[in-house]
Amino acid sequence: MPKIKQDSSIDAGEAVGIIAAQSLGEPGTQMTMRTFHYAGVAEQVPLGLPRLIELVDARREPAKALMDIYLEHEHRKDAKMAQKIASEIEYVTIGDLCSVVENFQKKELRITVDTEYASSKGIKTADVVKKMREALGKEGKIMTKKNLIMLRLNSNCQKMRKTSMKIRAVQMKGIRGLARATIIKDEKTGEYFIRVGGSNISELKKVDGIDFSRIYTNNIRDIEKHFGIEAARNALVKEIKQVMDLQGLPVDIRHIMLIADAMCARGTVEPVGRHGLSGGKFSVLARAAFEETIKHLVNASIRGEEDPLNGVTENIIIGQTVKLGTGKVRLAMKE
Amino acid sequence: MSKSEQKKKFSVFDHVLVPKHEIVPDPEVGKILEELKVSRDKLPKMLPNDPAAKEIGAKKGDVVRIYRKGPGGEAVYYRLVA
C-alpha cells in the first residue's frame with residue numbers, strides 16, 4: 001500500500017499551484033456563459049461564478065447566507081418537531097405580524113394584528129401589546145379592541161414616524177438574522193432538516209432539539225469563528241466543490257483542497273488577491289508583478305527591503321532558473 | 001436538565017467539519033520538521049484563539065497535528081500556533 005501511495009503522489013517540485021489555478025480557471029470560463037440561478041429551488045443561493053468569486057474573496061457576509069439545521073437523533077424523522085423548531089427560530093417582528101397605520105391628525109397609530117398568521121406562530125395579541133409596552137417604556141397610551149391596537153401618542157409627526165418604525169422592528173420571536181425557515185426532507189435518509197436564510201451560530205447554541213454537531217452555514221467566516229480554521233477549510237472545499245459540481249464541471253478535489261489550504265495557511269481565511277494571498281507575499285518583486293506595481297516598488301525602496309529571490313516570480317523577472325521541476329535540483333559536492 | 005448539561009459540554013470536535021487535533025510533544029517536533037524539510041516558522045499557522053486550539057490547550061509556539069480525512073484516506077497536517 002505505501003508503494004501505491006508513493007507512486008500516485010505528485011512529484012517533488014511540480015508546480016501544483018499553477019495546475020490548480022488552471023484546473024479551476026478553465027471550467028470557470030465555461031461557467032460565465034451559463035445561467036447563474038436554478039429555477040424552482042426553494043431557497044435562492046448565488047451559484048456559479050458569482051458564488052465562486054464570493055468564496056475565493058472570503059467575503060465577510062455572503063450575499064445570501066444560509067444554514068442547514070438538523071434535528072437531534074431521536075426526532076430527526078419527525079416533521080412536526082421540525083416545524084416546531086423552525087417556528088421557534090424564525091425571526092418575527094411586530095412589523096411582520098401587523099399592519100401599522102399612522103394617523104397624524106389624531107396622533108395615533110392603528111396596529112392591526114394578522115391573527116391568522118400570528119396564531120400560526122403561536123403569538124397572541126396580548127403578547128404583541130406586552131412587547132410594545134416594553135419597547136416604548138412610558139411613552140404613549142395603548143388601547144386594545146380584539147386584534148386592533150390603538151396607540152395614542154403626544155408627539156409631532158417626525159417623532160410619531162420614528163416610534164412607528166421602532167414598533168415595527170420589535171422582536172416577537174426567533175433568532176436575529178434567521179428568516180424564511182423551510183422544512184426539507186432529505187430523500188436519501190428520510191430525515192427532515194430546516195433550511196433557514198441568514199446565519200447565527202452562537203444563538204442557535206441555546207436552542208434545544210437541534211443537532212449542533214451537524215449545523216452548517218455557507219458563511220465560511222462564521223464557521224471559522226465558531227469551529228476553527230480547520231473546519232473553515234473543510235467548509236471551503238465543500239462549497240467550492242459544490243459550485244463546480246452543480247455546473248456539471250468536475251474538478252478534482254485536490255486542486256480545491258490546495259486552494260483552500262493556501263487560503264487558510266496563515267491561520268485565518270484570507271482572500272486570494274491583493275488583500276490576501278498575493279498581497280501578503282514576502283517578495284517585493286512577486287507583489288509588484290501582481291498588482292499595484294509602483295506602490296510596492298516605491299515602498300520597498302523607501303524601507304530598503306531586500307529580496308532573497310527564493311520564489312518563482314522573482315526569478316522569472318530577473319531571468320534566472322526557476323526553482324521548480326528540474327530547476328529545483330542542485331549539485332552537491334562529494335566530500 | 002441533562003440537555004442543558006449536554007449543551008454546556010459541547011465540544012467543537014463533535015462537529016462533522018472539525019478533524020481531530022493534537023499537540024505534538026516537543027521532542028517529536030524536530031523529527032517532523034526534518035522529515036518535511038521545513039523550518040518551524042514555515043509551517044501553516046493557527047491562531048492561539050482558534051476554537052479548536054483552545055480546546056486542546058495549545059499555546060503559542062506549539063505544533064498541532066491534525067488528522068484530516070482526504071480523498072486518499074487519512075492525511076496528517078501540521079500547524080504552528082502563532
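In chain A, the axes of helix 11 (residues 229-246) and helix 12 (residues 253-264) come within 9 Å and cross at roughly 140°. Axes here are lines fitted to C-alpha atoms, for helices over the stretch in contact, with angles running from 0 to 180 degrees between N-to-C directions. Helices (H or I, at least four residues) and strands (E, at least two) are DSSP runs numbered from the N terminus. This is a predicted model, in which local features need pLDDT of at least 70 and side-chain atom pairs count only at pLDDT 80 or more, while totals for chains, interfaces and linings use all residues. Residues are numbered from 1 along each chain as its sequence is written, chains are lettered from A and ligands numbered from 1 in the order in which they are written, and side-chain values use heavy atoms, leaving out hydrogens and water.

Let us stay with this helix pair. Helix 11 and helix 12 of chain A are therefore oblique to each other; angles under 35 degrees count as roughly parallel, over 145 as roughly antiparallel, 65 to 115 as roughly perpendicular and the rest as oblique. Where do they touch? Residues of helix 11 of chain A, including A:Leu236 and A:Ile240, meet residues of helix 12 of chain A, among them A:Ile256 and A:Ala260, where contact means heavy atoms within 4.5 Å. By class, this contact has 10 nonpolar, no polar and 3 charged residues. Ala, Val, Leu, Ile, Met, Phe, Trp, Tyr, Cys and Pro count as nonpolar, Asp, Glu, Lys and Arg as charged, and the others, Gly among them, as polar.

A:Ile240 also takes part in a contact with helix 2 of chain A: A:Leu24, A:Pro27 and A:Met31 in helix 2 meet A:Ile240, A:Val243 and A:Met244 in helix 11. The residues of that contact divide into 6 nonpolar, no polar and no charged. The axes of helix 2 (residues 16-31) and helix 11 of chain A come within 11 Å and cross at roughly 50°.

Now for the strands. In chain A, strand 8 (residues 179-185) and strand 9 (residues 192-197) run antiparallel, joined by 5 bridges; two strands pair if DSSP finds at least two bridges between them. A:Lys185 has A:Tyr192 as its bridge partner. The two strands form a hairpin with 6 residues between them, and A:Gly190 in the turn has a positive phi of about 75°.

Strand 2 of chain B runs parallel to strand 4 (residues 73-81), with 2 bridges joining them, and B:Lys45 stands opposite B:Leu80.
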